Amino acid sequence: MLPLIKLFNTKILLFFTISFFISFSSIAQRAVDYVNPFIGTSNFGATNPGAIAPRGMVSVSPFNVAGKQNKNEKDSRWLSNPYVHENEFLTGFSHVNLSGVGCPDLGVIISMPTTGELEIDHLKYGTTYKDEIAKAGYYSTTLDKSSINVETTATTRVGVSRYSFPAGKANILLNLGLGLTNEQGAMIKVVSPTEIEGIRTVGGFCYYKPEETYPVYFVAQVNVKSDEFGVWKKTRKESGVESEWMGYNGKDRFYKNYYKEVMGDSIGGYFSYNFDKPTKVELKVGVSYVSIENARENLERETSNLTFLEIYHKTELEWNDLLSKISVEGGTKDDKTVFYTALYHTLIHPNTLNDYNGEYPKMSTRETLKTDGTRYTVFSLWDTYRNLHSLMSLVYPEQQLNMVNSMLDIYDESGWLPKWELNATETTTMVGDPAGIVLADTYLRGIRNFDIEKAYEAMVKSADQIDSNPLRPGLKKYIEKGYLTSSDAGSVSTTQEYNISDFAIAQLAQVLGKKDDEERFRERSTSYRNLFDKDYNLLRPKNDDGTWYSPFDPLAGANFTKNVGFIEGNSWQYSFMVSHDADYLIRLMGGKRAFTTQLQEVFDKGHFDMANEPDIAYPYLFNYVKGEEWRTQNMVNALRRSYFKNTPDGLPGNDDTGTMSAWIIYTMMGIYPVSPADPMYTLTTPVFDKITIELNPKYYKGRVLVIEKEGSGNIEEILLNGEEHKGYFINHFELVNGFRLKFLLE
């Protein structure tokens, strides 16, 4: 009997052990549980809390920027986001959106559930709301006017909503007239009592190229057959003799139970119901930039026979899988929330452009092409070349490879690398020639399975072709003089951007054995030196005749005001943006002490702008001066605590498609890629006790990279694989093949 009793007790113990493990696992927090999508929805961070899948084409964002009821209203100020945390009046849920950009676009295909009689004026059916919840891949709220609970989730190309209606009359609206910008033009057609298809015109990012608008196609399906359906069209008030015959003049026109296309500006469609009991209705909206047929296929392939909860759980697992590539230990819950939300934000853009079947629109002409991989879009490269793409190379190299190939496809299609590409249009926003920096940086970090000769050809073309060059305006003058002049927009800052791009070419030419090119472009990369004024110890614009531009105010251009010489900044905010030539800049400024004093003044006198890309590497520049590294550690920690928080205003400003988020990720890990196209990191105090990065063995020898800290205070010693590491810089390959980096603190 004893053996049987022992066996029975063992089974009981095993049962309770397994039960405890399952119970513990169910409450243990995963990486995805730390994501707070409300971070950045205030303080002009321009993020939104809407549901999105990783790199998703579609996101379902609450749209609360229409109507004077809102403090931040889209037609009353420059506003680039569909949602602002302080606003209180919601007019629907948009299905194609941008995250963390500085110019308005998209924010269209807006759905809205309502109750009672059909109302199509968004200012009348709009409502306050409460009980917001946002997670990675999920958003929900309750509408005060109707008591409808709205839940949203998404796949890569489909937005999914679940509306919990009370008993009585109910409606689901699709408003194609409302959008983030005032771009107009749409088509809508009811296919059946459960399906509507259509087209909405979008484009004109920053209002630079209004002639380059383009269509976004959609198919919307509900899982409950409507009792009535139709299309509406708002008409403007006409005057004159003919208007007397127009019985509908200035009135809303309704096409009930109508199955043909309706076109116009302020149009929409609806499903109406009479529920005898509370009812949940699911709405799925598939999107494509190629065709309605592809939008329908995207919907069917990604969501067919799947419920709302099944879709959400699948998307949540995708998010957790990607976020878990980095695990952290130690730090506070807020620290982890800031970290993983930042990682979440870096996985939104660049996002998917191609449909499920691989089709996507060709640059400019929008002919239909096809890819075997993923064609990415939204390349905000003036921002992201500084840190985001190197982070992708480190943590998500396969994604970075697809981004590089997408950039090379853009070159094939248009003849030029992208500058600020959006949905197969080139917005030419901002200055410089940044794509080549990303290509070189990627290759130099060991991701080399792409056509490097084509990449090099494209980089040199933009650097050398003087005529009809959309990437480098003023190139002739730059080559002849070494700099642009005061007659050119942003002459100093643009010269610096060209310098950094030329440095990237030189770096790549060195590896490829192109010695003549290396010498030529390395010399070009330092031509900013011609603009250094020793009287100010700063960069200063020059006139066409080589004289200094006067009167010169080194503070002119702060707070994004226009000035001569600089784009979105002033001389203080640009003069140190030459990290590829930092040692020589130190000499120009009079040596290490003078350099340190001048750099410290950037922070002490309030010239530093954490939200401005040219500045973001500045806290790390103290590491170039031996003995002053403590300044970097103190400064980045102070900036981190001041600007990056677990609150809606927890970004310093516009996230710039993940650039600010990439900064805080690196900073919290204790490493930073201070000089783009130079595969080197500079070091600072990590926030967490232990960071483990899962490395892709296809590109890196080590399975994991572990970064640890021991003690508190500033860095006393740095160990790599247990051996002392000299200095505050480490090569990328030393790091990824070194397995363990450890900081011993005082």
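Predicted model: local features only at pLDDT ≥ 70, side-chain atom pairs only at ≥ 80, totals over all residues.
## The nine-stranded sheet

Nine strands make up an open sheet with antiparallel pairing, in the order β5-β6-β7-β8-β17-β12-β11-β10-β15. At its edges are β5 (129–135) and β15 (262–264), each of which pairs on one side only. On average, neighbouring strands of this sheet are turned by 15 degrees against each other, with direction ignored.

Within the sheet, strand β12 (residues 214–222) and strand β17 (residues 279–288) run antiparallel and are joined by six bridges. In this pair of strands, Y217 stands opposite S288 of β17.

Helix α4 (residues 308–323) lies across β5, β6 (138–143), β7 (149–154), β8 and β17. The helix runs at about 50 degrees to β7.

## Helix α10 and its surroundings

Helix α10 spans residues 452–464, which is 13 residues. From its first C-alpha to its last it reaches 18 Å, close to the 18 Å expected at 1.5 Å a residue. At the start of the helix, a side-chain oxygen of D451 comes to within 3.4 Å of the backbone nitrogen of E453.

The buried residues of α10 are I452, A455, Y456, A458, M459, V460, S462 and A463. What covers them includes other helices: α8 (397–414), α9 (435–444), α11 (475–481), α12 (491–512) and α13 (515–524).

## The three-stranded sheet

A further open sheet has three strands in the order β23-β24-β25, again with antiparallel pairing. Its edge strands, β23 (379–380) and β25 (425–426), each pair on one side only. Two bridges connect β23 with strand β24 (residues 420–422) in the antiparallel sense. In this pairing F379 stands opposite E421 in β24.

## Salt bridges

Side chains of opposite charge can pair when their charged atoms come close. The structure holds 40 salt bridges. One of them joins the side chains of E197 and R296, at 2.6 Å from N to O. Because E197 lies in strand β11 and R296 in helix α3, this pair ties together parts that are 99 residues apart in sequence. E197 has a relative accessible area of 11% and is therefore buried.

K325 belongs to the loop between α4 and β18 (326–329) and E694 to strand β30 (residues 690–694), so the parts tied together are 369 residues apart in sequence. The two residues can be described by their accessibility: K325 is buried, with a relative accessible area of 19%, whereas E694 counts as partly exposed at 39%. The cut-off for buried is under 20%.

R631 and E628 also meet through their side chains in a salt bridge, at 2.6 Å from N to O.

Notes
Residues numbered from 1 in each chain as written. Heavy atoms only, no water. Pairing = 2+ DSSP bridges. Helix = DSSP H or I, 4+ residues; strand = E, 2+ residues; numbered from the N terminus. Axes fitted to C-alpha atoms, helices over the stretch in contact; angles between N-to-C directions. Contact = heavy atoms within 4.5 Å. Expected span 1.5 Å × (residues − 1). Buried < 20%, exposed > 50% of the residue type's maximum accessible area, 1.4 Å probe, protein only. Polar contact = N/O pair within 3.5 Å; in protein donor to acceptor, adjacent residues only side chain to side chain. Salt bridge = Lys/Arg side-chain N within 4 Å of Asp/Glu carboxyl O.
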